[in-house]
Amino acid sequence: MARADSLAKLAFAYGVHLTRRRLTRPRSQLATLLETYAADGIRPLLPEERARHAQLIGCINCGLCALAAGRVGKVRLPDLASSYMRLYARLGEAASDVDGDSPDLEAAAAACPVGVPLGEVAAIVRRLTAG
Amino acid sequence: MSAPSAHDVCVVGGGVTGAGIARDLSLRGLSVLLLEKGDWGGGTTGSSSWMIHGGPRYLEFDWDTTRLSTQDAGYIVSIARNMVYRVVFIIPVLPHDRNNIERMETAMEVYDRFQPLKKAHPHTRLTAEEALQAEPGLTPELIGAVTMEEWGVDPHRLVFANVQDAISHGARALNHTRVVGLVRDGGKVIGVRYRGSDGAMSEARAKVVVNAAGPWVPEISRMAGADVRLRPAKGIHIVYPHRISNFSISAESIDGRDLLMVSHAGFTLLGTTDDDFYGDLDSVDVLEDEVDYLLQAFERVFPSIRSYRPVRTTTGVRPTLFKWRRYEDELSRRYEVIDHAHDGAEGFVTIAGGKLSMYRLMAEQTSDVVCRKLGHQAPCVTATRPLPGNEADVEPAAELGRRSGITALAAMKLQTRHGSNAGAVLKDSRSGRMICRCEPITEAELVHAARHEQVRTLADAFRRVGLAAGPCAGAACVLRAAGVIGGELDWSASQRFDAAREFVRGAWLGRAPILGRSGWAQEELAVGSLRGLGN
C-alpha cells in the first residue's frame, strides 16, 4: 500500500513538474550552486587541473623531495603532495601554512620516483588556500 | 571468574546502534554495561558510506521512511555539528539511463520538501555544459544533471562520541570483549558471560539484555533460544586516499543500481555493492569482480577513474530484515525492536535492521522498550543534547595550530575528530611531533587515544584517529605509532613489532583486491619500509 501510494504521489509530482517546465523559462543555476557551497569550500577544479589530477595526487610519501628541496612556507614538500592535496574543501583555513618562500620545486620534482609535478601541486594548493 | 557485576541494562554490540542505546539509557539515569567483541564501530558501521542521509530512494517505496530518516538526520546534524560536513552530489543523466532528466528532477523536487528537516539546501538543475564546469571530469556525453545535498560523518568518531558520553554518564564500556553466553534463570535472561581482552571470563547481571549486534543479531538471539531472521547483505567500497572531486557523483551500474562516489574530508569512497551474504561474518573478503563492477559503472560517467590509485577496500554486512523474493536493493532499511518475552526469554530485547542515518531514533525506540520493561520513567534527550566536542563552535584552526605549535592543517584535522575538545586533546602530551604525516596525526593525539579512547591495537588507532589512512597506507608511520602506543600500554619491543606486523597483514587484506591496477610503486615502498614485518 505504501508503495502504491508513493508511486502515485511521484506520478502527480511528475505531472506538476512537466507542466511547470512548459510554462516557465529555465534559468542557469550553476552560479546558485557555486555560491551556495562556497562557504563549505566546495569549488570546481579547473579543466587543466582536472586533466592532470591523477598525476597531481600520485604522491607515495617516500620523502625524497624533502631531501632535494625542503619546504613551501611551513610545509615539508612530501606533506604538500600527500596531505594538503588530499583536502580541498577546507584548505582556506590552512592558508597560513603555505605562506612564505618556495624552494627549487623543479629539483624536487626531478627527485620524485612517481613523477609528481610539485610545481603544479604547489600552485593548486596555493590557489585553493587563497579561497 | 570474578564476582558478577550488576547493571540495569547490558547492551551487546558496539556499533552505532549499540553505542547510541548505551548513551540514551545512561542519560536516562540507568546503569549500563556496553560490550563489543572487536572495536567500536569496527563492523557494519565503519564499513558504511560514511553518510547521514535522508534516503531519497525510499521515495519510491515509502515516503514516511524518507521523512523519519531525514528528520533524524537533522537531529544528528545538530548534536554532532562539529563532526559533519556537507556532501554535494552531482547526479549526471546520460542517454539510455533508467531515469531521464525530468524524472530525476521530479524526485529531487519531492526530496527538497524533506531537505530542511536536515538543514540541507534544495537541488539545482544543470545543463550538460554547466555540469562540466562544475566537474570537468564528467563524461561529455551527459545530457544534464541535478544536484543533491547530504551530510558526511566519520562513523568511527560518531560511535566513539556516543560511547564517550555514555561513559561520562556512568556506563561501563568494554571493547575487545566477546559475549560467549547468556545467563538464564528459567524463562528469564538475567545477564551475560563474556571473555575480556585479556582472555579472562567474566559474568555480568542485568535486568535487561539488549541485542544490538548488527549482522550478528541471530547468533546472540540463539543464545537466548530466540530466532531472529535477517537477510545479511554484503557491501564493499573502494577507498581513494584523496578527494577525487570536490563534488560527489552518482552513477548507474550495469544492472541499473545507483552507485555513489562520495567525497569525504580527505578521501573518496566509491560504492557500494549489495549482495546476499551467507559466509562467515568475521571474515568477509572483497572480490576483484566486485571492484570491477564498481569501476565499470563509474568509468561511464567519470572516464578517468581507472587512472586514480585506490589505497584499500572496505567491506561490511548490512543487518537487513528478512524478506523472501525481493532483490537485495529493494529490501527496506527499516528496523524492528523485538521484545523476546513471548519467546520464553523475558528480559531480552533485540534491535534488528536499520541504517546509520537513523541510529539515534533506533536507539531511542529501543531504550523506550527497555524503560517500559523496567518501569523507569525518564524522557529521551538525545535529539537535542550535543555529543562530546559539539557543545561549542571550534576556534579557527590557524589559531589552535599557532598556540599548540602545529600546522593549521593538523589543527583542522584534530578538530574534525575532537571538535571543540581539540585543544584539550593536546594537553596530555605537549608533543607536536608528527607520527602520521598524511593524515596528519601528532604524537599528542595518539597518546590521548591510548590513554582515554580505549585504543588497544594499531587498527583501533586507524579507526579512532585515522592512523595510516592516507596515501602511504602506513608505510611511513606504522612503526612510529607502535612505539608511541606501545609506550603508553607498556608493550615490550617484541609486542610493538607484533602489533605493527598484525596491522600490516590486516591492511594487506583490504589492499590486495585493488593492487592489480596500479599502486605497485606504493606497495614496493611499503614493503621496503616495513621489511621484516611480513615474515
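**View 1. Contact between domain 1 and domain 2 of chain B in a predicted model.** Ten residues of domain 1 of chain B are in contact with eight residues of domain 2 of chain B (contact: C-beta atoms, placed from the backbone, within 7 Å). The domain 1 side has four nonpolar, four polar and two charged residues (nonpolar: Ala, Val, Leu, Ile, Met, Phe, Trp, Tyr, Cys and Pro; charged: Asp, Glu, Lys and Arg; polar: the others, Gly among them). The centres of these two domains, taken over C-alpha atoms, are 32 Å apart. Local features need pLDDT of at least 70 and side-chain atom pairs pLDDT 80 or more, while totals for chains, interfaces and linings use all residues. Residues are numbered from 1 along each chain as written, with chains lettered from A and ligands numbered from 1 in written order.

**View 2. Helices α1 and α5 of chain B.** Helices are DSSP runs of H or I, at least four residues, numbered from the N terminus. α1(B) (residues 16-27) packs on α5(B) (residues 155-168) at about 25°, axes 8 Å apart (axes are fitted to C-alpha atoms over the stretch in contact; angles run from 0 to 180 degrees between N-to-C directions). The pair is therefore roughly parallel (under 35 degrees). Contact residues include Ala19(B) and Arg23(B) of α1(B), and Leu158(B) and Asn162(B) of α5(B). By class, this contact has eight nonpolar, three polar and two charged residues.

**View 3. Chain A against chain B.** Here 51 residues of chain A are in contact with 55 of chain B. α1(A) gives the largest share of the chain A side, eleven residues. That side divides into 28 nonpolar, eleven polar and twelve charged residues.

Key:
Helix = DSSP H or I, 4+ residues; strand = E, 2+ residues; numbered from the N terminus. Parallel < 35°, antiparallel > 145°, perpendicular 65-115°, else oblique. Contact = placed C-beta atoms within 7 Å. Domains from an automatic or database assignment.
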